[in-house]
Amino acid sequence: MKRFLIALLLCTLPALPARAALDPALVKQLAAEDSDARIAAIQKLGTSGDPDVLKVLKALASDSLMVTPDGRVFLMPEDKAFDAATGAEIDPVPAEYDAITINNRIRSELDNAIAGLRLLNPDRAVRLAAARELQSDPGIELVPVMGKALAKETDAEIRHLLRFALDQANLASPDAKLRLAAVRALGHDASPTTRGLLLPLTDPANEADAAVRQAATASVKAIESRLAIGDTLGQIFTGISLGSILLLAALGLAITYGVMGVINMAHGELLMVGAYAAYFMQGVFRSHLPAYADWYVVAAIPVSFLASALVGMALECTVIRWLYGRPLETLLATWGLSLILIQAARVLFGAQNVEVGNPAWMSGGVEVMAGLVLPWNRIVIIGFTLFVLALVWVLMQKTRLGLFVRAVTQNRAMAGCVGVPTARIDTLAFGLGAGIAGLGGLALSQVANVGPDMGQGYIVDSFMVVVLGGVGQLAGTVWAALGLGVLTKFLEGWTGAVIAKIVVLVIIIVFIQKRPQGLFALKGRFVEN
Amino acid sequence: MQTRRNFLKMTALSSLMALSGLASLSAMAADTIKVGILHSLSGTMAISETALKETALMTIADINAHGGVMGKKLVPVVVDPASNWPLFAEKARQLISKDKVDVVFGCWTSVSRKSVLPVFKELNGLLFYPVQYEGEELEKNVFYTGAAPNQQAIPAVEYLMSKDGGGAKRFVLLGTDYVYPRTTNKILRAFLHSKGVSDADIMEEYTPFGHSDYQTIIAKIKKFASEGKKTAVVSTINGDSNVPFYKELGNAGIKATDIPVVAFSVGEEELRGVDTKPLVGQLAAWNYFESIKNPTNTAFIKMYKDWAKKQKLPNADTVVTNDPMEATYIGIHMWKQAVEKAKSTDTDKVIAAMAGQTFKAPDGFTVEMDPKNHHLHKPVFIGEIRPDGQFNVVWKTKGPIKAQPWSPYIPGNDKKKDEPDTK
């Protein structure tokens, strides 16, 4: 953003010297010690309507407005200096200078002033962005600017936003009639911000006019009932989002433990391998394909799958194969393997967490309704979970491999008799489970920290989901993960994260005692085997 | 399962450590002084503590290059307590009784410090603790080079309540669930009461160590902030949970101008793994920022950058310095001065010599070790996050202020002495 602003400044600079000078006293006041004086200067400059003000204010917002010890204020987009008031180039650049720093209070005034100036821009996108900027707490001083812009504006969306901003600003108007109209109009909006703006007006200490107070109370009530719906939807979404993460973490285990019966304590480390594969791909894309750096996540899907699958198959061939039917030994051996994998990651990548960035298209969120912002990374992960689920279902139900895996699970001896290569099927099935874990790791890398022992935090959760869902049942795993996610999130909202974790564990213990076979139990003759 | 696994890991690790300890013992020459470095190099706290180990090693190398201490070379002994609190105590015991170190620089979380305290008291060791903490402690065997609550938490909240800080009237106290956030929030609650903020306007929330799903908490904060009064968040989240917290904050579109978040355990180092553009304007309170301009700091930053390059640290070209690193640097130098003054590394003699030591610190002031209370007099800075992950100082004290380890906002503390008991 900063670089963009500087670039923008640079291309506009050649036009600078031709302009009329700004009030030098006001420009100097921008560098004042006292915040009040600086804000007054920003507001005065902002409402002057002079388009050159924009460059100065933008420079202030991006830390490229400088001041010399004797109070000369100048723009310094890169290595050239331009006087802030006249726009003339200062050559040579002053020897001693400092960037004028701003704090949050000044920044919000500055944002509003800049937005106010851009409202008259011929480009619709710029005006729209400016109107959006003004949605949060525009000052009363901007009312004339916004009024002027509204009168000229033809675009319906911008008009709507502007009117809303005007209403907000009018809440501070000295005229009770304007306040009343604004309060009534704002009652139709359902954002938490509006509620926050209107609440003080219901208090006689802040609002003298009884009619305004009454209208504010009514508006707040209307907003609250609409907000409650958004709240509940938000909680369900966060629950599903947590559930999707639990599901991705547990799905691989559902195959290796649930279907094949291997108690794989190294499952968490297979997640870790997948996450590091994502980190590796990010590095490859950043150094070789910087133009497509945002798409490393897509390229990481097969890489994470293969990396974890290969590690998983290697584990199966070297250790686990020799321990089938001996659960305790498997448990100990895979535990040892998990320690080896953690140490290997420490040696290869260092003990510290590594940074895996969200691509731009997975950052930020979408406002689906007032007060409910759904983050893109969570939405993408829910979609990804569905994709992985479909992949597993197709593999298990529609392919020859899936058929063999199910046959070996149900009756190993009989499957062997009819010619299924059971040993190879075991390796492939374990590889599949490990690969799915790798995909889970890829998803985790987008929301959680990637480090050598990241897997340990998920192993308990994963076993919980598989056992709760019913061993051997993929459908059970899905329901258990979603149920646990939503339950945890509702409890968290109610009791806090620490207590919620305890309560969930207690519920699971009680549930498993009452129903040891889990949510879904296998039925049929082969169960006893 | 977790504990059993940790136990196995611990045994494996400690036997390894014991082996390496033996090896280094035989290599020890007579004219060296051994110093212990006790920081987590793995686990949830590694994000913060690894840099402190590097700073300590750098400072030691620098002291050695300038003739060592009393003509003797310093030999660092590095151990990794792996963010595992009981392991801290074990490692501390190993450092003092087996490796025979004369001083230990280490710990970040208060829970790790509390875990090693009995060891240092029993063996009469010497610990330099470089991180801001909750106070409520004054031990003869510990020197606290980080901030006490009145040197960080209280000024930060005062700033939030001031006009320039946004004039906050409602507060969310958000932290990781252990002794430091709980105690700090207790002090802050009492402080806010004294400023006329009622309990209805304070929300307290805790998450476990390593928590990574902050959706619910962000939603709660948003809701709490929409009740008509300016709201601010005071975050005492520690370790790598900060990364998902700030990611979620950015994704939810919360801007610093709407709901400012001031953090007490987030510095330049923790922000390295985060896209800071959505976080511009969020605050941190510390006693040092890398962006502070003075010749001492320039030299300090250069020294660390050169060190990172020489040691080929991961991402050596983007390394940053932060407050606990500065406190580590100050601590080691003050210990050196005290040893030279006492002409001995004996714990009791060094403790006596530490009183009143001064050092020209990178924060731009000559900081002083209080003659009595084992805490540094430090200046306080409040900074806002810049797009490049550094901080702009928006508020600072005129000079160093004296630490109050016993916060006056906790009842009963007025009777406690401001110097530790000596045996």
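**View 1. Chain A as a whole.** Chain A has a radius of gyration of 31 Å, whereas a compact globule of 529 residues would have one near 24 Å. (That radius is taken over C-alpha atoms, and the globule rule is 2.2 Å times the number of residues to the power 0.38.) Keep in mind that this is a predicted model: local features need pLDDT of at least 70 and side-chain atom pairs count only at pLDDT 80 or more, while totals for chains, interfaces and linings use all residues. As for labels, residues are numbered from 1 along each chain as its sequence is written, and chains are lettered from A and ligands numbered from 1 in the order in which they are written. Along its principal axes, the C-alpha trace of chain A spans about 95 × 60 × 40 Å.

**View 2. What chain A is built from.** Look for 21 helices and 7 strands in chain A; these are DSSP runs, numbered from the N terminus, with helices being H or I of at least four residues and strands E of at least two. Of the 529 residues here, 47% count as buried, meaning that 20 or more other C-beta atoms, placed from the backbone, lie within 10 Å of the residue's own.

**View 3. The domains of chain A.** Chain A is assigned domain 1 (2-105), domain 2 (119-208) and domain 3 (236-528), with bounds from an automatic or database domain assignment. The centres of domain 1 and domain 3 of chain A, taken over C-alpha atoms, are 54 Å apart.

**View 4. Two domains meeting in chain B.** In chain B, domain 1 covers 2-147 + 295-313 + 321-377, and domain 2 covers 150-291 + 381-415. Their centres, over C-alpha atoms, are separated by 27 Å. Where they touch, 32 residues of domain 1 of chain B are in contact with 29 residues of domain 2 of chain B (contact: C-beta atoms, placed from the backbone, within 7 Å). On the domain 1 side, at least two residues each come from α2 (46-65), α4 (110-123), α10 (323-342), β12 (366-369) and β13 (376-377) of chain B.

**View 5. Where chain B touches chain A.** Chain B puts 53 residues into this contact, and chain A puts in 52. On the chain B side, α7(B) gives the most, with 7 residues. By class, that side of chain B has 16 nonpolar, 19 polar and 18 charged residues. Nonpolar here covers Ala, Val, Leu, Ile, Met, Phe, Trp, Tyr, Cys and Pro; charged is Asp, Glu, Lys and Arg; the others, Gly among them, are polar.

Methods. A residue is buried if 20 or more other C-beta atoms lie within 10 Å of its own, exposed if 12 or fewer, and partly exposed in between; C-beta atoms are placed from the backbone.
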